[in-house]
Amino acid sequence: MKGRARGRAFILFEAMLAVTIFALAVLGLGKCVQNCMRAEMLKDEDTLARRCLANRMAEVEAQAVNLNGKDTTEELKDAFAGMTLKQKRVEVKRKNENGQNIAGLFLVTLDLSWKSRGETQTRTLEFYVYPRPQ
């Protein structure tokens with residue numbers, strides 16, 4: 001009888017150990033899934049930010065946005081709601097291959113910021129623009 005009781009106790013112990021190992025594996029898998037979901041959310045936010053910056057760059061290059069020399073800050077709406085875009089334009093002093101000053105060449109800096117899970121995220125885009133005469 002004692003041998004049989006020990007055998008049953010050992011089987012019970014094995015079952016409890018197996019359940020514990022399975023529970024730990026499920027918890028680890030849950031953490032992995034949570035990390036994957038967070039990474040996907042950050043990727044989506046980054047894609048949206050890049051699209052916003054690319055749109056504004058195209059608007060500046062097409063002269064659809066007034067570059068009046070002042071720094072501007074704009075709270076975005078619609079698809080980009082919750083994002084803040086800071087736009088800055090600085091005239092660049094450069095010379096061409098003949099040593100002549102290039103007038104009207106500007107460095108435009110776009111700073112985009114937004115809140116994500118309580119943390120401020122930012123993306124910056126810098127490019128040169130040479131406005132065409134209208």
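The accessible surface of the chain comes to about 10,400 Å², and 57% of it belongs to carbon and sulfur atoms (Shrake-Rupley method, 1.4 Å probe; for residues, only the protein chains shown count as cover). The model is predicted: local features need pLDDT of at least 70 and side-chain atom pairs count only at pLDDT 80 or more, while totals for chains, interfaces and linings use all residues. Residues are numbered from 1 along each chain as its sequence is written, and side-chain values use heavy atoms, with hydrogens and water left out.

**Overall form**

One helix and six strands make up the elements of the chain, in the order α-β-β-β-β-β-β from the N terminus. Helices (H or I, at least four residues) and strands (E, at least two) are DSSP runs, numbered from the N terminus. The radius of gyration is 29 Å, well over the 14 Å that the globule rule gives for 134 residues, so the chain is more spread out than a compact globule. That radius is taken over C-alpha atoms, and the rule is 2.2 Å times the number of residues to the power 0.38. The C-alpha trace spans about 105 × 35 × 20 Å along its principal axes. Of the 134 residues, 21% are buried (under 20% relative accessible area; exposed is over 50%, partly exposed in between; 1.4 Å probe, protein chains only). Among contacts (heavy atoms within 4.5 Å) with a separation of 6 or more, 46% are between residues 24 or more positions apart.

**Strand pairing**

Two strands pair if DSSP finds at least two bridges between them.

| Strands | Sense | Bridges |
|---|---|---|
| β1 (residues 72-75) and β2 (residues 83-91) | antiparallel | four |
| β2 and β5 (residues 106-116) | antiparallel | nine |

Glu75 has Thr84 in β2 as its bridge partner, and Met83 has Trp114 in β5.

**Nonpolar core**

The largest nonpolar core has 17 residues, of which Val60, Leu76, Met83, Val108, Leu112 and Val129 touch the most other members. Two or more residues come from each of α1, β2, β5 and β6 (119-129), with β5 giving the most, five residues. Such a core is a set of buried Ala, Val, Leu, Ile, Met, Phe, Trp, Tyr and Cys residues joined through side-chain atoms within 4.5 Å. Leaving aside neighbours within four places in sequence, Val108 is in contact with Val60, Leu67, Lys88, Arg89, Leu125, Glu126, Phe127 and Val129.

**Asp46**

Asp46 lies in helix α1 (residues 2-61) and is buried, at a relative accessible area of 16%. Its side chain makes a polar contact with the side chain of Arg50 at 2.7 Å. A polar contact is a pair of N or O atoms within 3.5 Å; within protein, one must be able to donate a hydrogen and the other to accept it, and residues adjacent in sequence count only if both atoms are side-chain atoms.
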